[in-house]
Amino acid sequence: MDRYREAAKTWAALEEMKDEEMAEARAKFKEEHPDYKSAFKPIRIKKEEFPEVPREPKGTAGLSQSELFAKLRAEFPKVTVHTHSEDPIEDVVAAIPADCPLEVLVEPEDYLPMVKFLKENQDFDMDYLIDITAIDYDDHFDMVTMLRSIGKGHKLFLSVQLKKDFSISEEKRPTALLATIDSVSSLYPGAEIKEREVYDMFGINFKGHPDQRRIFLDKDFVGYPLRKDFTHSEIIRRPV
């Protein structure tokens, strides 16, 4: 039984019943009060004309996108950004809007050293961890760590592509940890909770995490709900 379709039918029937009852009530009231006229009279409100306020361009805070990228690439030469353009990577970065955070692609082995560098280097001073999340693709995860400098104001998002471990048998894969990355909880205490969320939902292992265990689901829950391979007997799939 498709519970969504059954619920939609029930709801439509209730709406139809309500419309019929209201129509009968209106007809009965009109019959009993043929001379009734509503005392309500709508009043048209004249809109005030306000002067147009010129929009000020949003100012940038801290280092620009190009400065962030150049300084980071000087320390980590393999860092790059998503692009399908054949233009030089520096031109691609320069074209990113000022109010859009710069997202860079990071090699897994550079991830922990880069986060440490970004936090401790005075030019970056990325002292605030905004979030850590992940996206599941067929053959890999994209894990995104979002950092900000409270004092300087600039933001930087680090995207790490984690290849899935396909040496695990297909029947065991939905309940297995398919990728591993270094924990940054030693640098940002708040990362301990963020990494547990990603572990709980995606089954990504954080090496060096002090207390890696589920945070939302029961410890004996089977599988990782935000993965494409997750299945559950209570899942109701919407009709296509």
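Predicted model: local features only at pLDDT ≥ 70, side-chain atom pairs only at ≥ 80, totals over all residues.
Q: What lets two side chains pair by charge?
A: Side chains of opposite charge can pair when their charged atoms come close. The structure holds eleven salt bridges. Let us take some of them.

Q: Which residue meets Glu15 in a salt bridge?
A: Look for Lys18. The two side chains meet at 3.6 Å, N to O. That is a salt bridge because the nitrogen lies within 4 Å of the carboxyl oxygen.

Q: How are Glu15 and Lys18 placed in helix H1?
A: Glu15 and Lys18 are three residues apart, so about one helical turn separates them.

Q: Which residue forms a salt bridge with Lys194?
A: Asp131 does, with the closest N and O atoms 3.6 Å apart. This pair links distant parts of the chain. Lys194 sits in helix H5 (residues 191-202), and Asp131 sits in strand S2 (residues 128-136). They are 63 residues apart. Lys194 counts as partly exposed, at 24% relative accessibility. Asp131 is partly exposed as well, with a relative accessible area of 23%.

Q: Is Arg227 buried or exposed?
A: Arg227 is buried, because its relative accessible area is 4% and buried means under 20%. Arg227 forms a salt bridge with Asp229. Their closest N and O atoms are 3.2 Å apart. Asp229 is partly exposed, with a relative accessible area of 25%.

Q: Where do negative charges gather in a patch?
A: On the surface, at Glu16, Asp19, Glu20, Glu21 and Glu24. Take Glu24 as one of them. Glu24 is found in helix H1 (residues 3-32). Its relative accessible area is 57%, so Glu24 is exposed; the cut-off for exposed is over 50%.

Q: Which residues does Leu147 touch?
A: Set aside residues up to four places away in sequence. Leu147 then touches Leu118, Met126, Tyr128, Leu129, Ile130, His154, Lys155, Leu156, Phe157, Leu158 and Tyr188.

Q: How many residues apart in sequence are Leu147 and Leu158?
A: Eleven. In space, Leu147 and Leu158 are 8.0 Å apart, C-alpha to C-alpha.

Notes:
Residues numbered from 1 in each chain as written. Heavy atoms only, no water. Patch = residues over 30% accessible without salt bridge, like charges linked within 9 Å, V, L, I, M, F, W, Y side chains within 5 Å. Areas by Shrake-Rupley, 256 points an atom, 1.4 Å probe, with all protein chains shown as cover. Lys, Arg positive; Asp, Glu negative; His and termini not counted. Charge placed at Lys NZ, Arg CZ, Asp CG, Glu CD. Helix = DSSP H or I, 4+ residues; strand = E, 2+ residues; numbered from the N terminus. Buried < 20%, exposed > 50% of the residue type's maximum accessible area, 1.4 Å probe, protein only. Contact = heavy atoms within 4.5 Å.
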